[in-house]
Amino acid sequence: GGGSPAATAERLHMLQQLGAESLLLAWDLPSQLGLDPDHRLARAQVGRAGVSCSTFEDMQTICSRIDLASLRSFGTLANSIGPIGFALVRLALQEQQAVQTSVFMQNDPLKEFTARGTEIFDPGSSVRLACDVAEYMITNDVAGSAITVCSNHYDVAGAGPVRALGLALANGIAYIDNLVARGVDPGAACEKIAFFVNERRDFFLGAALFRSTRVLWADVLRERYGLHPDSIPPVHVMGYAHGLESVEEPLVNIARVAVSVTAATLGGADTLCAAAYDEASRIASDDAAALALRTLQVASSEHGQIGRASGRER
């Protein structure tokens with residue numbers, strides 16, 4: 001998200017021209033809280049971190065410089081207002097007739113209560129709304145992930161990577177339980193659940209976490225919901241590669257991000273974002289964002305193509 005919809009449109013266009021295969025929008029804090037930019041509580045935060053998006057016209061502007069049909073996936077980080085974010089994404093894809101592009105939503109409100117503080121509704125209502133998106137996607141055969149269950153935010157909030165993964169798995173169970181209680185087949189439900197995992201301090205732990213997520217989630221689906229091992233679909237695991245970036249000596253952050261990208265790639269991440277080297281002090285500059293994308297491309301296409309080791313292809 002680049003502040004205004006127009007500035008974000010230019011950034012997304014640049015990234016797509018450089019070969020970005022998926023785009024995920026970060027909304028600013030007022031948008032995440034369902035506040036219009038002219039609301040008195042929004043004044044200091046409009047466009048400060050992420051893009052201000054409160055109408056479909058804003059979304060149209062954001063998408064005006066990109067070809068959604070050529071992307072693998074498109075989505076937003078909306079959580080407490082996940083259904084609204086999904087509706088805007090769905091309409092944007094329909095407007096450009098991007099029927100083959102998958103939807104990729106974060107839409108994980110439970111972690112907001114303990115890791116971020118942007119909750120709007122009570123926990124029960126929040127789970128119901130998030131699962132409404134999943135049920136809609138299942139019923140209408142919409143490709144992609146309805147809920148991306150996050151361990152990243154728990155880690156950042158102080159839980160540590162291992163405990164954070166445990167909390168995320170518990171949240172994933174809550175979403176599947178809600179869908180199964182509605183009569184949704186557990187196999188179909190888990191196909192719409194992805195996981196957002198990351199570790200920024202330890203190279204080997206970072207790689208292990210992605211692999212552990214798959215193993216542990218498969219155990220849950222088998223033991224709790226009775227899915228046969230042969231019928232368990234592969235879980236989609238997303239990562240955000242960064243590693244203790246600092247404001248001091250920002251060029252050193254390039255090496256930190258590259259190491260983190262490599263760890264996540266060796267761990268078999270299906271979708272991977274990379275931090276920009278100047279992200280500790282500002283919304284990433286064009287050059288820094290471009291270099292982050294190039295770092296991903298190097299990891300996936302050079303040096304023996306280690307990107308082939310992803311869990312989905314394996």
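Student: Why is the crossing in which α8 passes α10 called right-handed?

Tutor: In this predicted model, α8 passes α10 in a right-handed crossing, and the name is used because a crossing counts as right-handed if the near helix is turned clockwise from the far one by less than a right angle.

Student: What makes α8 and α10 roughly parallel to each other?

Tutor: The axes of helix α8 (residues 161-181) and helix α10 (residues 203-223) come within 11 Å and cross at roughly 30 degrees. Angles under 35 degrees count as roughly parallel, and α8 and α10 are therefore roughly parallel to each other.

Student: How many residues of the contact of α8 with α10 are nonpolar, polar or charged?

Tutor: The contact divides into 11 nonpolar, two polar and no charged residues. From α8 come Pro-161, Val-162, Leu-165, Leu-169, Gly-172, Ile-173 and Ile-176, which meet Leu-205, Leu-209, Thr-213, Leu-216, Trp-217 and Val-220 in α10.

Student: Which residues of α1 and α12 meet, and of what class are they?

Tutor: Arg-11, Met-14 and Leu-15 in α1 meet Asp-286, Ala-289, Ala-290 and Leu-293 in α12, and by class this contact has five nonpolar, no polar and two charged residues. Arg-11 and Asp-286 are the charged residues, because Arg and Asp both belong to that class. The axes of helix α1 (residues 5-17) and helix α12 (residues 286-301) come within 10 Å and cross at roughly 35 degrees, and the crossing is right-handed.

Student: Why do β7 and β10 count as standing at the edges?

Tutor: The open sheet of four strands has the order β7-β8-β9-β10, with parallel pairing. β7 (147-150) and β10 (271-274) each have a single partner strand, so one side of each is left without a neighbour in the sheet. From one strand to the next, the twist averages 25 degrees.

Student: How do you know that strand β8 pairs with strand β9?

Tutor: Four bridges join β8 (residues 193-197) to β9 (residues 236-241), and the two run parallel. Pairing needs at least two bridges, so β8 and β9 qualify as a pair. Phe-196 stands opposite Met-238 in β9.

Student: What makes strand β5 and β6 a pair?

Tutor: Strand β5 (residues 102-104) and β6 are joined in the parallel sense over two bridges, and because the requirement is at least two, they count as paired. In β6, Ser-145 is the bridge partner of Phe-104.

Conventions. Residues are numbered from 1 along each chain as its sequence is written. This is a predicted model: local features need pLDDT of at least 70, side-chain atom pairs count only at pLDDT 80 or more; totals for chains, interfaces and linings use all residues. Side-chain values use heavy atoms; hydrogens and water are left out. Axes are lines fitted to C-alpha atoms, for helices over the stretch in contact, and angles run from 0 to 180 degrees between N-to-C directions. Angles under 35 degrees count as roughly parallel, over 145 as roughly antiparallel, 65 to 115 as roughly perpendicular and the rest as oblique. Contact means heavy atoms within 4.5 Å.
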